[in-house]
Amino acid sequence: MKKGLTYALGVAIAAQFLILVGMYVKAQMPLWTGESIRVKAIPVDPRSLFRGNYARLNYDFSRVAKSALAGDRQVREGEVVYVSLKKDPSGLYEFSAASLEKPTEGVFLKGRIVGGNAWRAKHFYRVKYSIEAYFVPKVKALQLERELRDGGIAELMVAPSGQVTLKNVVGDD
Amino acid sequence: MRLIRLLKHDLAREAGDWVDDGVISEAQAELICARYEVDYHRARQRSMGYNVLVGLAYLFIALALITLIGANWEEIPRALRMGGLIALTLATQCVALRIYFTGDPRRGEGLFLLGNFFFGASIILIAQIYHLGEYMPDGVFWWALGCLPFALITRSPWLAIQAQVLALLWFFLQVSMGYYPALFPLFIAASLYVLLRGRASTVLMLLLLVSIGFWIEYTLSEFWRSQQPWVGLKFYPENLAVAVALFILLYVFSHWLALRGASVAKDYAAVISVWCLRFALVSLLVFSFAFPWEALIEAQWEHRLSMWLVVAAMAAVTLVLALPTRRLLSSGLLLMFFVGALITVSTSDNQDLAVYLQVATNFALISCGIWLIYRGIHDGISHYFFLGVMSILITALLRYIDLIGDYLGAALIFILFAGLLLGAAKYWKHHQGREEMP
């Protein structure tokens, strides 16, 4: 009995370890396998109760026109949406198209339609991609806020699945 | 239902003092404690306070660590920060495992609790390092899931409470973002298992009931939303009706539970009953105003059929449970009033009805107050007595501030309240006189 319990608790400890490794690998995957792209970002400066100071970033493609998904079936809150990006002449990536189906080619981000207000807004859905927070120490956060007052550039790593990780944020020089 | 059950451990300590002072013998103290199914000797050496303080200390250690993570020391390499925290988590859990089997199991459980906090801190650190700002619910879910096996294996209520609180946090984060947390029943089932197979815990029992209640409400909300895909996850007016039906069911369930043989069932029954009573009084106070009734009359009530099916199922279970508790008449009347009010607000769009419903609620509130004062004095339960007095005083104050109708109408209602209270007092005196007669 005691041996069985010891074994079970050992498995529980191992499970916690595996969860942590899994989260690390999942977060690291776009950095290992992804393509680096640069997009325009607009920062806001809030604070997370647990995780410290961060710059909240908005992107042009954080709002997707309802007409862009008009041909697809009815959209639900929390639904996965794929946003395709195309390179503009300056080398930055910008919104190209949106779909509820996974695109077969090109650079695309996997996001989710969020917010209770999504259906109150007349023309847009709000989409989040897990790249909206850039955690930095307090002093750096304040400096970043000053530097990015007129907008900045976010460096993203996009995996072939559409999963995206925020790598860096710099001023728009 | 005797509320003194909730204070039985204090009673055991008090009996111990009486024994020390020579007022009663130890055998008599044991007999007094046996009436409430509490072990006189174990209750005197109870370590509840010690356990709570240690648990809170561990919580503060975890908060200190999480706050340190918040400082975001970029000078320390990522790998070192993360490796250090993961090593700390694993080391704490291994020490806890060793102490659990070789020393004091309760201390081992406490260290598992601390290890689980460190596990959560590691998840938070990964979220910070990789800027995972918006998918925090996933992190909380994995934190809760990682704690769950420890609760199930040790059957420790403290570890189950930790997992259930985290699961509830994940639940609310999910629904606030519009997602239905489909895996939540897993945590409910685990807590139920620990509650049935582990040590008794009133906190876990209440947490479980709250979890089941929210799960039922949001499952219905998800079902109703699926009929209107463009709508987010929210509370409908129908959810309120289901909540009231749930509380009536829970109240009768508490009386059914009180009839069980097990002492712990009787303890749980006392707690559920008193919380249902508090909920009923607070609800009546809210509905003693006109605006909630007006809002309900104005509401759309688009899911009437499914709401009635759920309410009918709950009413049926309520009546089945009421049979052995001999509360068929009182619970039947309660259900009748509830169904009557529900039919009125869900079928009519006449806003004038709100005032009548408001007046009826105020009389129900005063009647509840009188009943509680009577029960408080008749059965010697001071909690009921003070609850009754408070509800009558608050009703009087609220009605003085927020008059029903004009001044004349409000004065008439105050006179009727006074008549009701004087009538109750006279009946009581009459009843007391009959009891004192030889």
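Reader: Is Leu109(A) buried or exposed?
Author: In this predicted model, Leu109(A) counts as buried because its relative accessibility is 0%, where buried means under 20% relative accessible area, exposed over 50%, and partly exposed in between, with a 1.4 Å probe and protein chains only.

Reader: And where is Leu109(A) found?
Author: Leu109(A) is found in strand S7 of chain A, residues 107–114; helices (H or I, at least four residues) and strands (E, at least two) are DSSP runs, numbered from the N terminus.

Reader: Which residues is Leu109(A) in contact with, leaving aside neighbours within four places in sequence?
Author: With those neighbours left aside, the residues in contact with Leu109(A) include Phe61(A), Val81(A), Tyr82(A), Val83(A), Tyr129(A) and Val164(A), and contact means heavy atoms within 4.5 Å.

Reader: Which residues of chain B gather in a patch of negative charge?
Author: On the surface, Asp10(B), Glu14(B), Asp17(B) and Asp21(B) gather in such a patch. Patches are made of residues with over 30% relative accessible area and no salt bridge, with like charges joined within 9 Å and nonpolar side chains (Val, Leu, Ile, Met, Phe, Trp, Tyr) within 5 Å. A salt bridge is a side-chain nitrogen of Lys or Arg within 4 Å of a carboxyl oxygen of Asp or Glu.

Reader: Where in chain B is Asp21(B) found?
Author: Asp21(B) is found in helix H1 of chain B, residues 8–21, and Asp21(B) is exposed, with a relative accessible area of 62%.

Reader: What should I know about the numbering and the model?
Author: Residues are numbered from 1 along each chain as its sequence is written, while chains are lettered from A and ligands numbered from 1 in the order in which they are written. In this predicted model local features need pLDDT of at least 70 and side-chain atom pairs count only at pLDDT 80 or more, whereas totals for chains, interfaces and linings use all residues, and side-chain values use heavy atoms, with hydrogens and water left out.

Note on methods:
Areas by Shrake-Rupley, 256 points an atom, 1.4 Å probe, with all protein chains shown as cover. Lys, Arg positive; Asp, Glu negative; His and termini not counted. Charge placed at Lys NZ, Arg CZ, Asp CG, Glu CD.
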